[in-house]
Amino acid sequence: MVLWTVVALVVVVAGAGTAVYFWADGRVRTTEAFGEYAGRPKAGKGTDWLLIGSDSRATLTPEQRRELHVGSNEVRNTDTLMIVHQGDHGTTMVSLPRDSYVAIPGHGQGKINSAFAQGGPKLLTRTVEQATGLRLDHFAEVDFLGFVDVVDALGGVRICVPAGGLRDERSGADFAAGCQEMNGVQALAYVRARYSDPEGDLGRVRRQRQLVSAVAEKASSPAVALNPWRAGPFLSASLHAVTVDRAAGVRDLFRLGRGLRGAADDPEGTERALTVPLQSEGEVPGAGDVVVWDRRRAGELFAAVREDRPIPTSDLK
């Protein structure tokens, strides 16, 4: 979720002028996202972001929980995790399935998304760093309600649903095949659906990247960027939705969004948009359904990212 929120935010800020730039920079929300620890990976080449969409329900009213089909669980997990690398070869998005079974420092093995619930951004970033061997430079998060508000401020987005449609009672998704306009609630249901998807979490990460393109296209359109009655509420919603690390500001978000717009337009299975290579799926007692990374291919992928080299062709999927 956070990807398309960031893309849309920087598109509007980039076209709004210096005064709006400084106004926006002073309203970026920040959090302590990183901590030093023994054995932390060394900095690589380029810039690496961890972008997450959190499923926090703490600020939602009972009515909002029913409308968004998110239940009453107060545990904060992450529905979306992506590493975005920016370097000399452009921008690369690597999706990390939320059910990835990895080592969580101080908590044994578990699903990668549970690190956020157990220790907030600091534990999540450390978990991702140790699993990938990458030293992260920046962090950005958006939650359920923030995502919905941003899409609604855009006036909705156009999504083309694949053949067969998509229906998922637990997320609220109920879409026939074909291109259609979706509001914030519908877009959230579309991106969260996984229980009725034969590919489960892997199908969901592809839909997440699909929405990147949809929001980037809408946010950069004259109907938004050149319309103050649309751009103003949208910019306000975006600033309220996104939380970044202490060192990040609008300048960093602008650079990120500029690269993401190009990456989002690439078709799936290219060196710009891919999922970490997987070895197997299964069930682990106490953890439920999990996915296990292919350590050799994942290692090659993250080594290429760290050294800012082109992604190995064997990892494009």
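Which residues does Leu96 touch, not counting residues up to four places away in sequence? Keep that one in mind while we go through these close-ups of a predicted model.

**View 1. Leu96 and its neighbours in the largest nonpolar core.** Leu96 touches Leu81, Ile83, Ile112, Val128, Val276, Trp293 and Phe302, leaving aside residues up to four places away in sequence. It sits in the largest nonpolar core, a group of 32 residues, where Leu96, Trp293 and Phe302 have the most contacts inside the core. At least two core residues each come from strand 2, strand 3, strand 5 (101-104), helix 4, strand 15 (288-293) and helix 11 (295-306). Helix 4 gives the largest share, 6 residues. Apart from this core lies another one, with 29 residues, including Val148, Phe175, Tyr190 and Val191. As a bit of background, nonpolar side chains tend to be buried together in soluble globular proteins.

View 2

**View 3. Strand 2 between its two partners.** How many of the 8 residues of strand 2 are buried? The count is 7, so strand 2 is largely enclosed by the rest of the structure. Strand 2 (residues 47-54) runs parallel to strand 7 (residues 138-143), and 6 bridges join the two. You can pick out a couple of the pairings with strand 7: Trp49 has His138 as its bridge partner, while Leu50 has Phe139. With strand 3, strand 2 pairs in the antiparallel sense, over 8 bridges. In that pairing, Ile52 stands opposite Leu81, and Leu81 is also among the residues that Leu96 touches.

View 4. Is Phe116 buried or exposed? Phe116 has a relative accessible area of 2%, which is under the 20% cut-off, so Phe116 counts as buried. Its place is in helix 4, which covers residues 114-132. Thr127 comes 11 residues away from Phe116 in sequence, and their C-alpha atoms are 9.3 Å apart in space.

**View 5. The disulfide of Cys160 and Cys179.** The model has 1 disulfide, formed by Cys160 and Cys179, with their sulfur atoms 1.9 Å apart. This pair links distant parts of the chain: Cys160 belongs to strand 8 (residues 157-161) and Cys179 to strand 11 (residues 178-182), 19 residues apart. The torsion about the S-S bond of Cys160 and Cys179 is about 95°, so the disulfide is right-handed. What about the surroundings of the pair? Cys160 is partly exposed, with a relative accessible area of 39%, and Cys179 is partly exposed as well, at 41%.

Technical notes:
Residues are numbered from 1 along each chain as its sequence is written. This is a predicted model: local features need pLDDT of at least 70, side-chain atom pairs count only at pLDDT 80 or more; totals for chains, interfaces and linings use all residues. Side-chain values use heavy atoms; hydrogens and water are left out. Helices (H or I, at least four residues) and strands (E, at least two) are DSSP runs, numbered from the N terminus. Buried means under 20% relative accessible area, exposed over 50%, partly exposed in between (1.4 Å probe, protein chains only). A disulfide is a pair of cysteine sulfur atoms within 2.5 Å. Two strands pair if DSSP finds at least two bridges between them. A nonpolar core is a set of buried Ala, Val, Leu, Ile, Met, Phe, Trp, Tyr and Cys residues joined through side-chain atoms within 4.5 Å. Contact means heavy atoms within 4.5 Å.
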